[in-house]
Amino acid sequence: MKAKDLLKMYLSKRAVMFGLTGLINSLTMIPILAGLAAFMSHLYATLIVIQLSIFTDYLWKNYLVFRGVKATRSKLHFEWTALTGVLIQDLTVWALSGRIEYIVLYLLSVFFGFLVRYGLTRLVIWTEA
């Protein structure tokens, strides 16, 4: 992929919608996590919410972001792209922890996670003919 095409892919309406739906999905999961954590172990509540979040984020992306674009891969592929984004965020935090302010570190890790996740999702799952 050429640099021009890559830049165009990340500076698009679809990329903005991808980020917004992810933000809305994450904010929706907070009260669900709090409710589940009141009744079960925090670890189990977190695992349930992570899976629920990945599933609902897939629906957001399928019906709002990539509407009219054929999904060439299944939800299972969306699962590993989501977990790859989380891994990139975690690695960024681990590598830069203590070197920069935590708020900046958080924003930077989210940005790197978004770049990887959107790129994988756009190139692997929803491909345009």
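Me: How many helices and how many strands are there in the protein?
Reply: This is a predicted model, where local features need pLDDT of at least 70, side-chain atom pairs count only at pLDDT 80 or more, and totals for chains, interfaces and linings use all residues. Residues are numbered from 1 along each chain as its sequence is written, and side-chain values use heavy atoms, with hydrogens and water left out. Helices (H or I, at least four residues) and strands (E, at least two) are DSSP runs, numbered from the N terminus. Along the sequence the pattern reads α-α-α-α-α, and the count is five helices and zero strands.

Me: In which helix is confidence highest?
Reply: Confidence is given as pLDDT, the predictor's own score for each residue, from 0 to 100. The mean for the protein is 82, and 95% of its residues reach 70 or more. Helix α1 (residues 3–10) is lowest, at a mean of 75. The highest, at 87, is helix α2 (residues 13–37).

Me: Is S53 buried or exposed?
Reply: S53 is found in helix α3 (residues 42–65). Buried means under 20% relative accessible area, exposed over 50%, and partly exposed in between (1.4 Å probe, protein chains only). S53 has a relative accessible area of 19%, so S53 is buried.

Me: Which residues does S53 touch, not counting those up to four places away in sequence?
Reply: A contact means heavy atoms within 4.5 Å. With that rule, S53 touches N25 and M29.

Me: How many aromatic pairs are there?
Reply: Rings of Phe, Tyr and Trp (its six-membered ring) pair if their centres lie within 6.5 Å. Planes under 30 degrees apart count as stacked, over 60 as edge-to-face and the rest as tilted. By this rule the count is five.

Me: What kind of pair do F18 and Y118 form?
Reply: The ring centres of F18 and Y118 lie 5.0 Å apart. Their planes stand at 70 degrees, so the pair is edge-to-face.

Me: Which helices does the pair of F18 and Y118 tie together?
Reply: Both F18 and Y118 are buried. The pair ties together parts that are 100 residues apart in sequence, because F18 lies in helix α2 and Y118 in helix α5 (residues 102–125).

Me: What kind of pair do F111 and F112 form?
Reply: F111 is partly exposed at 44% relative accessibility, and F112 is partly exposed at 31%. Their ring centres are 6.0 Å apart, with planes at 45 degrees, so the pair is tilted.
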